[in-house]
Amino acid sequence: MKRILILGASGFIGGALYKELCPYFDTYGTYHTGKIYSNNKHFFHFDMENDDLLDVLTKVRPNIIISTLRGNFEAQIDTHLDLVDYCRASNSKLIFLSSANVFDAFSNYPSYEYDKTLSMSTYGKFKIKIETALMQLPEKNYVIGRVPMVFGSSSPRLKELKYFLDKNDAYEVFPDLVMNVTNADKLSQQIHYIINRNRKGIYHLGSSDLIHHDEFIKEMIETLGYQKPLLKNVYTSNFDRFLAVLPKDNKLPKHLIFSHFDIIDELKGTKS
């Protein structure tokens, strides 16, 4: 049976992955804060700035490690370099959740799996550093899953949007930003498939269609049942600017392909 360790399993995406994978695999997770995990024998405390990850790896001995870590960039880079060494020595697989931001210097078109990465943002550059480290492994030992903006019923982005709407504060939208989207459930199902089928390499894990940021936010607000929201248009370019990751080489089966309408539909039970 595959033994899986999810780094950051107490977070939003890590928690969704744990819930999805736990019934099917011998699944473990790390948490940084939260007493609710302290008595759970499948959860291990890990503070990447102070703890040695090797202690957790030695206890769990995972075949597959999924990284959904957040926090200090330098500490994350050091942790992932240790993970690359571990995977090389143990022949384990590392699944790293990266971001569409690795392409944020290219704004004229959507990006595909094997396009060159280039970023102008600190966040994008940091993700590229970790991707580059993973690519030193044999391809069978890593999966890079590039993820667009994550929405969904319990997502931090939705909570932020509702906070602004409830306070009747202006929420910033970007009318010139063209993107695709996902939610934690869709992403978890895709990762489950990648593990089951022993897939390798780079995957783009977002909706099959593109939409402008402001249009998507307006559709969300309408679905949530808010009337007359305050929106602040922020223009960063005179032209459409793409931040979207689409698959070309590593496609997933039809039942795992979805549109932004599926992400909107999932919100229907969370009306204000």
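Which residues of helix H1 (residues 12-21) are buried? In this predicted model, the buried residues of helix H1 are Gly14, Ala16, Leu17, Tyr18 and Leu21. They pack against strand E1 (3-7), strand E2 (26-31), strand E3 (43-45), strand E4, strand E5 (93-99) and helix H6 (184-196).

**Overall fold**

- The secondary structure of the protein consists of eight helices and 14 strands.
- With a radius of gyration of 19 Å, close to the 19 Å that the globule rule gives for 272 residues, the protein is as compact as a globular protein of that length.
- Taken along the principal axes, a box of roughly 55 × 40 × 35 Å holds the C-alpha atoms of the protein.
- Buried residues make up 52% of the 272 residues.
- The protein has an accessible surface of about 13600 Å², and carbon and sulfur atoms contribute 49% of that surface.
- Among contacts with a separation of 6 or more, 75% join residues 24 or more positions apart.

**Helices H3 and H4**

- Two packed helices are described by the angle between their axes and the distance between the axes.
- For helix H3 (residues 73-90) and helix H4 (residues 122-134), the axes come within 9 Å and cross at roughly 10°.
- Because angles under 35 degrees count as roughly parallel, H3 is roughly parallel to H4.
- On the H3 side, the contact is made by Phe73, Gln76, Ile77, His80, Leu81 and Val84.
- On the H4 side, the contact is made by Thr122, Tyr123, Phe126, Lys129, Ile130, Ala133 and Leu134.
- By class, the residues of this contact comprise nine nonpolar, three polar and one charged.
- An α-helix has 3.6 residues a turn, so residues three or four places apart point the same way.

**Ile65 in strand E4**

- Ile65 lies in strand E4 (residues 64-67), one of the elements against which the buried residues of H1 pack.
- The relative accessible area of Ile65 is 0%, so this residue is buried.
- Leaving aside residues up to four places away in sequence, Ile65 touches Leu5, Leu7, Leu57, Leu83, Tyr86, Cys87, Lys93, Leu94 and Ile95.
- His42 is 23 residues from Ile65 in sequence, and their C-alpha atoms are 14 Å apart in space.

**Ile211 in strand E12**

- Ile211 belongs to strand E12 (residues 211-212).
- Its relative accessibility is 6%, and because buried means under 20%, Ile211 counts as buried.
- Beyond residues up to four places away in sequence, Ile211 touches Leu177, Val178, Met179, Phe216, Glu219 and His260.
- One of these residues, Met179, is 32 residues from Ile211 along the chain, with a C-alpha separation of 5.6 Å.

**Loop residues with positive phi**

- Asn168 has a phi near 60°, a positive value in a residue other than glycine.
- The loop that holds Asn168 runs between helix H5 (156-167) and strand E8 (171-173).
- Lys228 has a phi near 45°, which is likewise positive in a residue other than glycine.
- Lys228 is placed in the loop between helix H7 (213-224) and strand E13 (231-233).
- Lys228 is exposed, with a relative accessible area of 77%.

Terms used: Residues are numbered from 1 along each chain as its sequence is written. This is a predicted model: local features need pLDDT of at least 70, side-chain atom pairs count only at pLDDT 80 or more; totals for chains, interfaces and linings use all residues. Side-chain values use heavy atoms; hydrogens and water are left out. Axes are lines fitted to C-alpha atoms, for helices over the stretch in contact, and angles run from 0 to 180 degrees between N-to-C directions. Helices (H or I, at least four residues) and strands (E, at least two) are DSSP runs, numbered from the N terminus. Angles under 35 degrees count as roughly parallel, over 145 as roughly antiparallel, 65 to 115 as roughly perpendicular and the rest as oblique. Contact means heavy atoms within 4.5 Å. Ala, Val, Leu, Ile, Met, Phe, Trp, Tyr, Cys and Pro count as nonpolar, Asp, Glu, Lys and Arg as charged, and the others, Gly among them, as polar. The radius of gyration is taken over C-alpha atoms; the globule rule is 2.2 Å times the number of residues to the power 0.38. Buried means under 20% relative accessible area, exposed over 50%, partly exposed in between (1.4 Å probe, protein chains only). Accessible areas come from the Shrake-Rupley method with a 1.4 Å probe; for residues, only the protein chains shown count as cover.
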